[in-house]
Structure formats: C-alpha cells, structure tokens
Amino acid sequence: MNTHLLLQLVVNGLVVGTLYGVVAMSFVLIYKATQVVNFAQGELLLIGAWVCWTLLTKYQVPFWLGMPMTLVFMFAFGILIQIVILRPMIGEPIISVIMVTIALSAVFQASLKWIYGVSPQPFPRVFTSQSVSFAGLQIQTVYVMSLVVSVLMMVGMAWFFRVSKWGLAMRATAFNQQVAQSLGISVKTVFAMAWAISAMVSAVAGVVVAVVNGVSSGLSIYGIKVFPAAILGGLDSVGGAVIGGIIIGVLENVAQFVDSEYLHWGNLYEVAPFYVLIIILMIKPYGLFGTKDIERV
Amino acid sequence: MATPSLIPAGDFRSSYAVDTTIFPTKTSRNAAILGVVLICFAPQMLSEYWLSQLIMIGIYGIAALGLNILVGFTGQISIGHAAFFLFGAFTSAYISNNYPIPVFFSIPIAGVVTAIVGLIFGLPAARLKGLYLVIATLAAQYILLDFFSRADWFSGGSVPATAKSFSIFNYTLRGDRQYFYVVLAYVVASYLLVTNLMRSRDGRALVAIRDHYLSAEIMGINLTKYRTLSFGLAAFFAGIAGALYAHNQLVVSNEGFGIERSILFLAMVIIGGTGSIMGTLMGTAFVVLLPESMEWISAELKGGAIDRALQLNNNITFLREIAIGLIIIAFLVFEPDGLAHRWRQIKTYWKLYPFSH
C-alpha cells in the first residue's frame, strides 16, 4: 500500500473539498433564503472565472484590482438574475422554479461556450513560487491559497449570519417570510441580496479553481458536485454544506486511490460522489445536519 | 399548471361518463381517427428526410409522454430521462443480439427492464418531495452514462453498439418507410394507454398528489406507491422509446445523451404543456423541428454582416442550446400551460366567432 500517495491524495481531497464546501455553502444560502434549488450554481462559478480571466488577460488589469471588479460584477449579475428571471416565478410551484434554473444553466453554459470556445485557457500566474513543502509533502502555493481563501470565506459567512444586520434579516426571512415582513424586513431585497452574495462567493471559488486548473467550461461540474455535498450535509444547513463538501472531496480522492491500486475500473473518481448520493438518499435523506421535515396541517 | 382545465362557457357536464370520455364530441373522435388514417399515407407522400423527422417526433414523443406523466401529472421532475432512454436502446439491442428473441418482443422487454432500473434509482427519492427525485435522477444520469462507457459486454464501451432491424419471426422490415408503421403503432398505443390511465382512479390519484399531496394522503391515496408508480411508468416509456430508436438507427452510442438531452426532453414537456397528453406531441414536434428552422435562418444569414460578427454558422449547436433554454424560460414565465393551452384558446375563439369577447 502506497501511504505517501494516499496522504497526498487526502491533502488534495481536503483542498478540493473545501472548495466544494464553499460552492455548496453558496448553494444552500440561496435555498435557505429563497427556497430555490439553484441548478445554475456551477455556471455562476464559471462566469466569475471567465470574467476575471477576461479582465486579467484581455485588459491587462492587475490581479488586486481585477478580483474586486469581478466581485462587483457578480454582485450586480446576481441581483439581475433574481429580478429578471426568478422574481416573476415567486408563488409558482417548486418544480417550475427548478426547471427555470435548469434552463438558466443550459443558457449560460452554451453562451459561455459560444463566447469563449470549448478549449481550456490557462490563467495568468498570480504567485511567484510554485510550491511549498509541508511535513514532507509538496503542496502547490495555489492550494495553500485556496485553502486560506475558503476558510476566510467560511469565517466571513459565519460572521455575516451571526452579527451583521443583513445576515440577521436573511435568517429571519428563511425562518418565516411573513413574520420577517411584518418586522420591517424587505423580503424582496433579501432575496436579491441572497443571489448577489451567492454569486460573489461562487465567483471567488471559480477564480481559485481557475488559478489552479485554468478556465474551461468543465468547471461547471463543481455546480453538480454541490448536490452530493449539500444532500450529505443536509439541504438547509450552511455548516453541513461545508462539512459535506470536505467529505465528498476526500472521498473522491480516496476512491481514486482505491481504483488505481486495487480495482482498475477507471473513472471512479468522477462517479463516486453520485453513488454516495444515492446511498444517502436511501438511508438518511435529510442529511447529517438538515432539519427533518415535520408537517403540521 | 396554473389552470389545468379551461372549460369554455356553455360546456356543461351532467354525468361522470361525459366528464371522463376521451372524445367530448363525435367530430373530435372522427377527426382523431381521420388524422391517424391520413398519417398512414405519410411514407408514400413524404421524402426520406421528412419521414425520418416524423419518425423522430414519434419516438421522442413516446419518451416525452413518459416524462409528462411524471412532470405534468405527478408534479415530480426527472433530469435523467436521456440516460433511461439510452438504457432502453442498449437493452433492446443487447437482448436481440444475444438471445433468440425477435426485435418485436425485445422492445417491450427493454421497456420493463428500464422501468426496473429506473425504480432502483427512483425508489429512495420517490418517498420524498419532488426536489429529491431531481437530485437522484441527476445521479442516475451520471452513473448510467459512466456504466455505458465502461461495460463493453453490454453497450460496446467506447465502440458504438449495433442493433438489428425490426423483425417478427422470419419477416424483417426494411427501411424507414416500413419502420414508420411500427413507430406509429407504438405512438397510438401509448397515447391511448396514457389517456385511459388518466380516466382511471390511478390517474386521478396522480393528479391529486400533484395538486395537494397532503389532501391526497388524507383522502387515502398512498403517496409512496403512486409516486413510485409514476416514476416507473416514466422510465418504462423512456425505455420503449429508446428501443424504438435503437432499431431505427441500427447503431447506438452514448454520444450526445448527456444532461443536455435530458433538458431537451423537459423542454418538450414544458413547451407542449405540462399535464396535456396531446400537447406533448406538439411540444415534441416543436423541439424536433426547431433545429431545422434555426439552420434555415443561419443559412439565410450566411455571409452577411451579422453572420461574420457573431460567427453563427460555426456555433450553431451552442445557439440551439441557448434557444432551447430561453424558450423553456419564456414558456415557464409567460405561458406555463404550454402550446396545448394556446391551442385551446384558438379553438374557443373560433367556436364563439364572431362574438368572442
């Protein structure tokens, strides 16, 4: 048994897993605040990555300026999607709303392929040193950065929900829309803010992934991997999403290890999360931390 | 879904028999029979190309009908329909190649096997609300496509699988002109079957679950049973359609059956009208013929300024995906009842002409 490889893969899994956690967190944010299951989360991530790439390569904007510009753009973009497409859907059955987001993801995916082509583009170098060594393992600098950024975003999110006025308003709306409205919270604004923040957080994750792997339409797979992560953690738990993401990330890499060492099926890396997803739905459909639906009539 | 049945003024139903009849008037029944008879002459009238398009509408129409049972009547979504379709195609090809079973029997067998496989994925989710089934079918889509690309014995792996042409005992059908009648028979049979299902207690139970699942449960409808049933039926029709597709194309590969194709099936149902049986056929025709019209438009624009600026001809596949997505959104926002609703409105307008409003 190759312990060194296993350890390396587990570290990789942790890094990728925290990114899954970040994307799952932004997915759960939208679900909690607006009751919309967003199938276009991966595309939001991809749009963020492409916008940043365009600013950095086409317009030669330095990274410290390009990143805030991307965030501002995504903020506006999130609000725009909410107002133009999802606001008219309020009050429609939940399956109509799901289908709208599925269609949105198809539109974004195809438009981005149309604009940028299908071949991956390398991201400009952001760091000078390639890798740092830690306890005998070579870890790329971008991985360290990605871990730091992810943890920072999670802490930021926790602070936002616990302390800030907007975060409290969002939690109140998630708890009960009518009560929140009667307390003077503008539910419309809260919905728009949820989308805006979610788009921004996804974009940060997108840029981090792009720095590591380059930008290509394949990045939107992160939006699909959100489902195993969010279901595992419980659909309405922000903390659960983070933990679910990390578990899925590690599990993927362990599956790859088992595959390459023992099974030789090939490709297990990509499908393993979906097997997990089916198993969770069978034994514990509300996830590790999700609230069990209790219906009172 | 907002208005399931719009009944024009003056249309009163005084008995259950009248309410559940398939054809409300003699004229509509005769028109339907006449339509089927007329379409029997299609192989003689149409060119090879349009005939193959018509066959595609029939095959996809059956798959979309299955999805409409799930989406339109039970209020659940599947985005793994393309994978089940493909599973039916591979199963029928595998059965007819490896066992002494004629294609005539392998098509329904493929439908049953697909339904069983669909239930393995759907069973855990069918107990829960609509949202969970979407996610389970998403997983099914990825797991099944991965299985097809790996299982050499079943689907040929990276090499496309071959399928025999349609045969009953010793008689083999040749070409689209003869195969058309097989597809037509299956379309008529499955549409009649589903129409009759909707007139029965089981069909009404599905609609009750969609409209208000709590009330349905209180009235004694077993939610798990009916949700599972409708998901199994959806997979069954997908399998039948896939098998028909396999023996029409004679070659099956998993190229182009990703999640985009599943979204295409959803588009057929939404554009046609969720919960409308005849609407499904309209929606399918719309989606199948859409690439035609788009290719026509881009051919018209070829060489012009717009074409050079946007490179339309190089990106026609992306444009089609964008158009499908935008059309789904537009229908959901502006016309949630689909083409079937528009058609009813046109009929009502002419019924009351010239005194409509």
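**Notebook: chain A overall, then helix 13 of chain B**

I began with contacts in chain A (C-beta atoms, placed from the backbone, within 7 Å): among those between residues at least 6 apart in sequence, 75% join residues at least 24 apart.

Housekeeping: this is a predicted model, where local features need pLDDT of at least 70, side-chain atom pairs count only at pLDDT 80 or more, and totals for chains, interfaces and linings use all residues. Residues are numbered from 1 along each chain as its sequence is written, while chains are lettered from A and ligands numbered from 1 in the order in which they are written.

I looked up secondary structure next (DSSP runs numbered from the N terminus: helices are H or I, at least four residues; strands are E, at least two). Chain A has 11 helices and 2 strands, and I read its order as α-α-α-α-β-β-α-α-α-α-α-α-α. Its radius of gyration is 19 Å, close to the 19 Å from the globule rule for 297 residues, so chain A is as compact as a globular protein of that length. That radius is over C-alpha atoms, and the rule is 2.2 Å times the number of residues to the power 0.38.

I checked burial too (buried means 20 or more other C-beta atoms within 10 Å of a residue's own, placed from the backbone): 49% of the 297 residues of chain A qualify.

Then I moved to helix 13 of chain B, residues 259–272. It reaches 20 Å from first C-alpha to last, close to the 20 Å expected (1.5 Å times one less than its number of residues). I found 12 of its 14 residues buried, including F265(B) and M268(B). Just after this helix, G273(B) has a positive phi of about 125 degrees.

Definitions and conventions:
Two residues are in contact if their C-beta atoms, placed from the backbone, lie within 7 Å.
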